[in-house]
Amino acid sequence: QILNGDYVRIGDTEGTVDEITPRVTRIRDRYGRLHIMRNGEIKNVINYSRGWTLAVVEMSVAYESDLRQAMRVIDEASAQLPTLLPGKAIEVPKVMGIETIDESCLRVRIEVKVSPGCHYEVKRMLHLLLVESFNAHKLEIPYPKSVELSPEEATPNKGDREAA
């Protein structure tokens with residue numbers, strides 16, 4: 001299932017296999033922490049080092065933005081990825097469409113096939129390209145907004161109530 005150097009996920013632990021012995025497997029996570037697991041307790045293994053892996057990025061688009069323009073910008077920015085990261089981004093990313101409709105934004109899903117162990121690097125580069133492209137095209141990246149009402153605005157005045 002796994003070899004030394006493979007990037008794996010076992011339960012809640014994700015990282016690089018440091019060592020496999022007859023009794024335990026040692027996995028070093030991306031923060032440098034060493035996880036030691038009894039081999040008899042390992043039930044399910046996800047091995048990211050076999051073939052390709054899918055990197056998924058969701059880009060938020062503000063409701064105030066032109067959605068079709070935002071989709072074009074996402075597509076153009078994503079298309080640069082294989083040139084910038086040759087051998088890491090295996091294919092041109094696919095813009096899958098709107099994944100979720102949230103209270104403050106629309107989330108557009110982008111998927112890209114990547115080489116083993118490269119998904120974090122590819123995702124970071126894609127995030128950078130998307131932010132730069134949104135800024136260049138003056139598209140808003142949504143952020144939490146609040147409206148402050150003064151007490152006078154919050155309660156209708158007497159004349160408003162009588163008119164109703």
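Colleague: Is Cys 105 buried or exposed, and what is its relative accessible area?

Modeller: This is a predicted model, in which local features need pLDDT of at least 70 and side-chain atom pairs count only at pLDDT 80 or more, while totals for chains, interfaces and linings use all residues. Residues are numbered from 1 along each chain as its sequence is written, and side-chain values use heavy atoms, without hydrogens or water.

Cys 105 is buried, at 2% relative accessible area. Buried means under 20%, exposed over 50%, and partly exposed in between, with a 1.4 Å probe and protein chains only. Cys 118 is also buried, at 12%. A search of the whole structure returns zero disulfides, a disulfide being a pair of cysteine sulfur atoms within 2.5 Å.

Leu 67 lies in helix 1, residues 67-79, and is partly exposed at 27% relative accessible area. Apart from neighbours within four places in sequence, Leu 67 is in contact (heavy atoms within 4.5 Å) with Val 61, Ile 98 and Leu 106. From Leu 67 to Val 108 the C-alpha distance is 9.9 Å, across 41 residues of sequence.

Glu 121, 24 residues from Gly 97 in sequence, is 23 Å away from C-alpha to C-alpha.

As for the whole chain, there are five helices and eight strands. These are DSSP runs numbered from the N terminus: helices are H or I of at least four residues, strands E of at least two. In order from the N terminus, the elements read β-β-β-β-β-β-α-α-β-β-α-α-α. Among contacts between residues at least 6 apart in sequence, 57% join residues at least 24 apart.

The radius of gyration is 23 Å, whereas a compact globule of 164 residues would be near 15 Å; the value is taken over C-alpha atoms, and the globule rule is 2.2 Å times the number of residues to the power 0.38. The C-alpha trace spans about 85 × 40 × 25 Å along its principal axes. Of the 164 residues, 33% count as buried, a group that includes Cys 105.
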